[in-house]
Every structure is written in structure tokens, then in C-alpha cells.
Amino acid sequence: MIIDRSDAAPTIRQSEIEPPSRARGQVLIRVQAASVNRADLAVLAGTHAHPGAAGPAVVGLDAAGIVVEADEDSEFRVGDRVMTMVGGGLAEYVAIDSRFPVPLPDSWTFEEGAGAIIALMTEHNALRTAGRLRDGDAVLINAANSGVGQMAIQVARHLGAGRIIAGVRTHREDALLTTLGADTIINTGAGGFAEQVLDVSDGQGVDIIIDHVGGPYLADHIKAAALRARLIGVGRLGGAEGTLDMETLAFKRLEIIGVTFRTRSLEEKVRIVETMREDLDNALAAGKLKPRIDRVLPWTEVRSAQTLVAGNDHLGKVILQVGT
């Protein structure tokens, strides 16, 4: 599935292109499923740098499938089931550095692997590396109903967080978020939610804020932060600009840390995978930290799937089955 820019408005179409050629140090994967991510919408709009190789811009940022070629000394063997972050994942085959894929747990489907991998890497990096999560830290996760938000709750609980506060705009899935590990659920839809966070934290605020919304929540996040808290800017669903109280920033000695995969080198990305696996491999092998799948569609319905994601008319990940 490639981005076609031949007309005034870019669109997505199915196209036969040359299959990827595996180089030494890579694995070749026959893709079974890929997920739809909000970044895909920005790629289509031309506002998000695409991480794929030169040539036709293939849609997708992740994939789950079966290894069909690998080096003799690779961790992976032909027939292994894997999930991986990869530019251009919505294709029948992808070639990727052999240090990138993660073994697909035996109890997981390919659809679950495609729905989990980017969220696992993103949220573990935000919580553990950028946020320096310590046992007992209070964590606020906004957009908690989203696929990445749901995974952030699970990862934070697994890593030993203390109170986990889930911020939502609608209370459609409160029971699910509680099951995933949220201690408190607050409504952020009307804004001005800092007082709610302070109330449930006995006035102390939270140590880590995982921000998937961006600018409109910045002022509340600064107010809700504890002394020496870390605000991790993961997404900008609500916009990129907000009002920053520099006095409170200095008084609380806060850190604002931005994270993205787009400006990281290959070695930096590999280290993210390695660090995530050090912390989460056992939990993944046990079938834990599963994503919620909203629905599964054939990959020929990619445009409908992206429209669905853009309209926020889903709870959990939207997955595309490749080849169907």
C-alpha cells in the first residue's frame, strides 16, 4: 500500500513494487498484520517524515509476521513469529535490521503483535528511559483510552509505579482501565484537571506525566506536577503549542522531555528495543501486556481504517490483515 501523490490530494493505493532485498544483518519477514497509527495520518498529509527507504512511500510503521530469511548467526530462524517497528510495514514483505524484531509470544496472534509493538517501545521508553520511573512513582497518563495510553498503564504497573492516574475525555472504558492497572480515573475533557490530580495525590502532584495530548494540557500538567517531576511529551493529539508557566517550572525544578523515533539513529533505536526487552521479555513471554484490539480489517480497507482512527471512533488498535 503506497502513498500516491500524482493528484492534488495524496491518497493510498495498492501497487506492485519490487520486493525488498535482505542485506547481511537483516531478516526478511512475510507480513501477516500491521496496525493503523496516528502518525500514518500525518505521513499521508506530508507533515510527518516517513522512516522508510528511498522509493515508493509504503504506508505503515509496524508489522507482525514470519521470518523467511535470516543470517545463520541471527537470533531468529526461518519460521519464527515476530513483531517489529518498521517503516513501510503495510506490505507483503519487509526487510529490517535483525536487532529490531521482538519474538511474538506463543499465545499472541499476529494482530496482537502488530497492535502492541510500537506502543510497547514508545511507552517503555517514555516511562523508563525518559521518565526514569522508580518504584512507587505517581504517574499521570492522559489519552488513557487510546491504544498507547492503555499500554502505558500496563507498562507503568509492571515497572512498579505507585498511584497511576488515567486521564480520559469520556468514561466509556473505565472498567477496562482499572483492570489494566489504573488506580484513579479523571476526566480531562473540560480542561482544568490539575486540581483533580492534586486532590487524589494529597496535594503532592505526580512524579511522571505521560503526555499524549500536547499543548492544550501543558498548563495543567505543570500545575499537577510534583517537585522534580518529569513531563514526557509523547504525542500532540490536541496541538503543539501551549502556555508554559516558567516560574512554576523553576520553582518545582521540573523537566520537560520530548521523545520521538524520527530523529534517532539506528543504534539509538536498537538500544530502545534492547532496553525494552530487558524489562519486558518475561512479561511478554507470559502473555501479559496485551493490546486491546478494536477491530481487524483487510488491508484493502486501509483508507477506511485511517478515517476511523482520525475520527476517534475506536477503543484500542485498528489492525489490517495483510494479503486479505
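Biologist: Which elements each supply at least two residues of the lining of the largest cavity?
Modeller: β3 and α9 (302-310) do. Helices (H or I, at least four residues) and strands (E, at least two) are DSSP runs, numbered from the N terminus. This is a predicted model, where local features need pLDDT of at least 70, side-chain atom pairs count only at pLDDT 80 or more, and totals for chains, interfaces and linings use all residues. Residues are numbered from 1 along each chain as its sequence is written, and side-chain values use heavy atoms, with hydrogens and water left out.

Biologist: Which residues line that cavity?
Modeller: The lining is A34, S35, V36, D40, V59, G60, L90, V302, Q306 and L320. By class that gives six nonpolar, three polar and one charged. Ala, Val, Leu, Ile, Met, Phe, Trp, Tyr, Cys and Pro count as nonpolar, Asp, Glu, Lys and Arg as charged, and the others, Gly among them, as polar.

Biologist: What volume does the largest cavity have?
Modeller: About 30 Å³. The count is one cavity of 30 Å³ or more. On a 1 Å grid over the protein atoms alone, a cavity is a set of points where a 1.4 Å probe fits but cannot get out; a pocket is an open set with protein on both sides within 12 Å along at least five of seven lines; lining residues have an atom within 4 Å of a point. Points are joined across faces, edges and corners, and a volume is the space filled by probe spheres set on them.

Biologist: And the second largest pocket, what volume there?
Modeller: About 220 Å³. It is lined by 15 residues, and D211, G214, G215, G233 and A240 are the closest to its centre. β12 (225-233) and β13 (255-258) are the elements that give two or more residues to this lining. The lining divides into five nonpolar, seven polar and three charged residues.

Biologist: Switching to strands. What does β4 pair with?
Modeller: Strand β3 (residues 26-35) pairs with β4 in the antiparallel sense over five bridges, and β4 also pairs with strand β5 (residues 81-85), antiparallel, over five bridges. Two strands pair if DSSP finds at least two bridges between them. L28 stands opposite E69 in β4, and G65 has V82 in β5 as its bridge partner.

Biologist: How many residues of β4 are buried?
Modeller: Six of the eight in β4 (residues 62-69). Buried means under 20% relative accessible area, exposed over 50%, partly exposed in between (1.4 Å probe, protein chains only).

Biologist: How many aromatic pairs?
Modeller: One. F193 and Y217 sit edge-to-face, 4.9 Å centre to centre with 70° between the planes. Rings of Phe, Tyr and Trp (its six-membered ring) pair if their centres lie within 6.5 Å; planes under 30 degrees apart count as stacked, over 60 as edge-to-face and the rest as tilted.

Biologist: Where are the two in the chain?
Modeller: F193 is in the loop between β10 (184-187) and α5 (194-200), Y217 in the loop between β11 (206-211) and α6 (218-224), 24 residues apart. Both F193 and Y217 are buried.

Biologist: What about L289, buried or exposed?
Modeller: L289 is buried, at 7% relative accessibility. L289 has a positive phi of about 60° although it is not a glycine.
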